[in-house]
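Have the viewer open as you read.

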Amino acid sequence: MSESHHDGLPIPRRYWAIAAWTLGFGMSNLDGSIANVALPLIGRSLHTSPATAVWVVNAFQIATAVFVLPMSSLADIVGYKRVFQGGLVMFTIASLVCSTASTLEMLIVGRLLQGAAAGSMVACLTSFMRFTYPGSMLGRGIALNSMMISVTTAAGPAVASAILSVAPWPWLFAINVPIGIIAIAVSIPTLAPGQALGHRWDVPSALLNGVTFTLLVVGLQGLGHAGAWLPWAELAGAGISATLLVRRQVTLPAPMLGVDLLRTPLVAASVVASLFCFIAQSMGVLALPFLLFNQSGSPVASGVLMTAWPIGNFLVAPLAGRLADRYPVGLLGAIGMGLFTAAMVLLMLAPAHPAPWDMALRIVLCGLGFGFFGPTNLRAIVSSAPRERSGAAGGLNTSFRLLGQASGTALVAVLFRTLAGGHATPDALRLVYLIAAVLAALGGLVSTVRIGLARPQPAL
């Protein structure tokens, strides 16, 4: 007999479930960026060029993007607990593979497995929220998850540097093995199983999704190279595959890509707002180290100042979560994007040699604005979808987030190439932040449309 948790898990089981989730999801989020710091060491150790070593990062990102949507659908079919635990087991094994890799090819295989496992865990986020927290605390639960993401994002470079100061790079991955084992053990008796609908998993949709996101990510990354025709062919292929995917979804009773959920006005407005805002956020994040380095000439100082962004997110997330349980998400999202738009304008107008505290305040405002928008927007999507379609709602939200981030990254690369021959000149950076401000403002405008659509209700 399956359990039913219409008002979340009881205490203290809820806290243990949160601990298992935090260990697993936090570990995978940390590994999304921790390898970046070690790329030069990995390249030298495995005798490969920097251009080739970058696939250690690309493999993880592509696999994560490809697996989120299919695993979201599978979570609705068999229950999110099985999918999350499967992701935990795979991530732990993949970390062992990475830590023992003696060739670049073996390391890339391990990173592909890590990315697939991370995508599986990310796919369970919405279902975990719906079945763990009471409906009246859903916003606070989402805010807690946002805080965890902020902490692991900010801590990534520091953790990597600390490990590399006392151990070789394989320990970046080996440390995940005991953490993964603990997370698996804690998750077994604590996670709510969720609802298992038992309908068929659509293999053609999964394949079309994989082709779409692989070609999209690779194509967008290649746009920054001058004179390249292959990225445009890859993007065209992604467009064709995406069209076939959407056409297939509208014929299915429980589509893998939640096009049925877009019939709900609040969900549709929320994912459109999310797309605009994540393009702006990706542009702002990617351009920031170039802006800071131009100002100070010090990569260390730039790295320290960049931590102000996740710190701002961390500070505002609890407030955003509580307010999202009480007030219209459209209003809260518009406020968040208003702050973020102001932050983009302030970065665009930053002087050539500002005081460190001046830049820190501008960057903190970025984190405050986006930290206010993120949890409230996700709360709108989660609470508007039927419980049995929680996985699909999470997959839809994540797909638009990944699309926005990839598009923002590509747009910055194209702007740098066309305006400054591939260099991050002050003029090019100002245009990046101007476009980011416009997109953020559009996201805020779309968010205001939601004010009259619905107030947050307990997610039953």
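Helix H10 (203–222), helix H11 (230–249) and helix H17 (390–420) each supply at least two residues of the lining of the second largest pocket. Helices here are DSSP runs (H or I, at least four residues), numbered from the N terminus. This is a predicted model, where local features need pLDDT of at least 70, side-chain atom pairs count only at pLDDT 80 or more, and totals for chains, interfaces and linings use all residues. Residues are numbered from 1 along each chain as its sequence is written, and side-chain values use heavy atoms, with hydrogens and water left out.

**The second largest pocket**
- H11 gives the most to the lining, with five residues.
- By class, the lining has 13 nonpolar, four polar and no charged residues; Ala, Val, Leu, Ile, Met, Phe, Trp, Tyr, Cys and Pro count as nonpolar, Asp, Glu, Lys and Arg as charged, and the others, Gly among them, as polar.

**Leu 315**
- Leu 315 is found in helix H14.
- With a relative accessible area of 55%, Leu 315 is exposed (exposed means over 50%, buried under 20%, partly exposed in between, using a 1.4 Å probe and protein chains only).

**Leu 347 and Tyr 433**
- Leu 347 lies in helix H15 (residues 329–348).
- Leu 347 counts as buried, at 2% relative accessibility.
- From C-alpha to C-alpha, Leu 347 and Tyr 433 are 6.9 Å apart in space, while 86 residues apart in sequence.
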